[in-house]
Amino acid sequence: MRGRLASVGAEEAPLTEGWNLVLTEPGACATPRDIPPSSQFIAAPVPGTVAEALERAGLFDRENPESLETKDAWYVCRLFDAEPGDAILRFDGLATLCHVFLNGQEILSSESMFTAHEIPVTLAGGDDLALCFRALGPHLADSGARARWRPQMITPQGLKNFRTTLLGHMPGWCPEIHAVGPWRPITLVRRNAVSIDNVSIRAVLEESGIGRLSVSLHTDAEDPVMLLRCGGVEQGFEKVGDNHYSAIIKLPEVQRWWPHTHGTPHLYELTLVSDGVEYPLGKTGFRCIEIDRGADGEGFGLLVNGEPVFCRGAVWTTADIVRLPGTRADYEPFLRLAADAGMNMIRIGGTMTYETPEFFELCDELGILVWQDFMFANFDYPRNDKAFTSHVHAEVEQFLHSVQACPSLAVLCGGSEIYQQAAMLGLPREFWNGPLTEDVIPAIAGRMRPDVPYVPNSPCGGPMPFSPNAGVTHYYGVGAYMRPLEDARRADIRFAAESLAFAHVPQQKTLQRHLDVPAVHSPLWKARVPRDRGASWDFEDVRDFYLKELYDADPAALRRENSEGYLDLSRAVTGEVLTETFAEWRRKASSCNGALVWTLQDLLPGAGWGVIDSTGEPKPVWYAMRRAFRPVQVLLTDEGTNGLDIHVINETRGTLEVELEVVCLRDGKQRAVGGSRAMNLAPRSNERIPATDLFGAFFDTTYAFRFGPPSHDVTVARLRSADGLLADAFHFPLGRSKAFHDATVEARAVVEGGHWILELQADHFAQSVHLDVPHYRAADDWFHLAPGMVKRVRLHALASATDGEAPSGEIRTLGSSRIFAI
């Protein structure tokens, strides 16, 4: 968790080569000299985990994992290339109970996965470095001091006493793959007389609009000449204490950092010049983030640079459950897909792990806000344990230092579902909170990142911590609790830090490659479907409930009689639920200021919570998110006898000239009524328009009055600019099953700007059009296609695509068994 700015000008050598791993019985070897020479050693990656090393050696199966907490794990390495002399060994993360030996002598005992250590050493040349990760299992058997409550979702209860991730300890939704090993880098550092360390950076956007950059540091150099450079401005450092220096730059016309949905995430490069030598300090951005409680004081929303931002996105899990990686290459595919889907916020929950500065640097670049929980969840954590509190101090301070210059850090939160857990077990309010989330963490956060709002716990704020109509909630009314779609409005949500958990079915090609078993009925399939521990239902049952609600179909009968059709409806339905729910939350009169979906990515291939599967392929629901999260958007909401409302949103900073068109179709083709309007959409605007305003007369758009037979089965809204279609929306007054049509879809592939574009049109309304194009990823998929228009979909070539070869594939639609060739 250590930041890149820990030291500047020092010689750093990552210790990544020559490591070997051996497992021994707990306590069998007190020092590395006790390891029997006949032991089975295997090569081990560092940084890495025991699971990763065993998997590479063919000794571990992530799909059928064995416990890694019942053995001691020894990592040994001889430092052949390290020159003799004084140095520092830096350990950025050791999971979890670790003893470090140099030439047989113990130099470090670490008890937290989340803290880094720097150990001064004197090397003799050819030194032996050994790390022993003691078996955590025997320690977890002791639950410690009596807790006031015991969470059911996490096991064993002794985890509350150790600073380690809860990943691997939540049966029902997380594979039991335990985090053991040097999961973050080990580095040999040699500092010299002019090395610079303790670099502190703070970027502040003042009310006047001036960007204020403050940098302080420590150096042992005598009378150094140092300059700070940023945004074309230079400022010399002044001595402020023994070997301590600081500099302040003010940028009068600073370009603000924005989430990408609302502007440009502008970043400034920072450079330190010391005695003529330039040292890059990374990048930072200037923005102001505040909490907006609303007129009644019960709300929760974010103001970024004074503008309200509707936050939407997902909860991060990990880039790989076995490796727990922390490099840009591991993060980038997932975060780019998040940004491409229109997500402007990612939450790292308290049941996961801290990610590295590279994660936040990517979010800085992509314009993604980060809600960061500290790694506490559900437990009644020790309240009067000085050693535990000391670990918390080090953990929080080191994390905040590592991301001190990151503008994407938007919310700091004391943890996940601690208050909720106590409240749901019937404990009174005074039991919910404690000094950890109310005193210890916020004091450190306020000192180190005063520019980032702090939330004590997620959820919290209402008469019950999980009450959706106040503060921050985890909303599963639509979803796990199988409430009707109308509950998304009735719940009066202010901000959902979690929501809409479903067992999302991946694309068929992922299943064929990684889980080629009968859907639902196979035990292997069911093992990948998440469930709450102890519950009599799983999240596939939740999905089936909405499949029946939206498509008037019997899921059990479909599974027996038409398994392919069942999977396609299952792929479509979760996207339709998400589309309808976010339309409610984004409409003009909504009390909701943001919602994050549970979760961004799966941990294993299958019908998991993730909107991206574990191989990195977007699921069908991801495409629905991409449409639902558009910054320029048109929505349709059914207001019953008040008719159909159209909501037109422009979150951008500029005025947009658009044309709004709404048409009602009978039998999926014939125009029953329609109308259009030219509009100038003001910046940051959200307008509501009754559909009848465009028609100029009464029309029963919602089929609420029922004067005679229905006149239409689908309403289509389109928002266009001079450049083409910006957004569309659909309403089904009779339900989706009444709008199935045996549509003919025509497609042709054309080259434009060096990229393949599919041009599609249909003779009738076509639901959930799926494009299966090998070697390409379509920019849109599982979309509705109305007649009378040409839809253009860009194809992104995958690594397997052949240059110059035209794409080919198949097109399918819901409600029709016909397949169309591309």
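View 1. Gly211 has Leu251 of strand 17 as its bridge partner. Strands here are DSSP runs of E with at least two residues, numbered from the N terminus. The model is predicted: local features need pLDDT of at least 70, side-chain atom pairs count only at pLDDT 80 or more, and totals for chains, interfaces and linings use all residues. Residues are numbered from 1 along each chain as its sequence is written, and side-chain values use heavy atoms, with hydrogens and water left out. Strand 13 and strand 17 (residues 244-251) run antiparallel and are joined by eight bridges.

View 2. Strand 12 (residues 196-205) pairs with strand 13 in the antiparallel sense, over eight bridges; strands pair if DSSP finds at least two bridges between them. Leu205 has Gly211 of strand 13 as its bridge partner. Five residues lie between the two strands of this hairpin, in which Gly209 takes a positive phi near 95°. Seven of the nine residues of strand 13 (residues 211-219) are buried, so the strand is largely enclosed by the rest of the structure. Buried means under 20% relative accessible area, exposed over 50%, and partly exposed in between (1.4 Å probe, protein chains only).

**View 3. The salt bridge of Glu118 and Arg191.** The closest N and O atoms of Glu118 and Arg191 are 3.4 Å apart in this salt bridge. It links distant parts of the chain, with Glu118 in strand 9 (residues 117-123) and Arg191 in the loop between strand 11 (186-190) and strand 12, 73 residues apart. A salt bridge is a side-chain nitrogen of Lys or Arg within 4 Å of a carboxyl oxygen of Asp or Glu. Glu118 is partly exposed at a relative accessible area of 25%, and Arg191 is partly exposed at 33%.

**View 4. The salt bridge of Arg229 and Glu278.** In this salt bridge, 2.8 Å separates the closest N and O atoms of Arg229 and Glu278. Distant parts of the chain are linked here: Arg229 is in strand 14 (residues 226-230) and Glu278 in strand 19 (residues 277-284), 49 residues apart. Arg229 has a relative accessible area of 26% and is partly exposed; Glu278, at 49%, is also partly exposed.

View 5. Arg587 and Glu584 meet through their side chains in a salt bridge of 2.9 Å, N to O, and both residues are buried. The whole structure holds 58 salt bridges.

Terms used
Helices (H or I, at least four residues) and strands (E, at least two) are DSSP runs, numbered from the N terminus.
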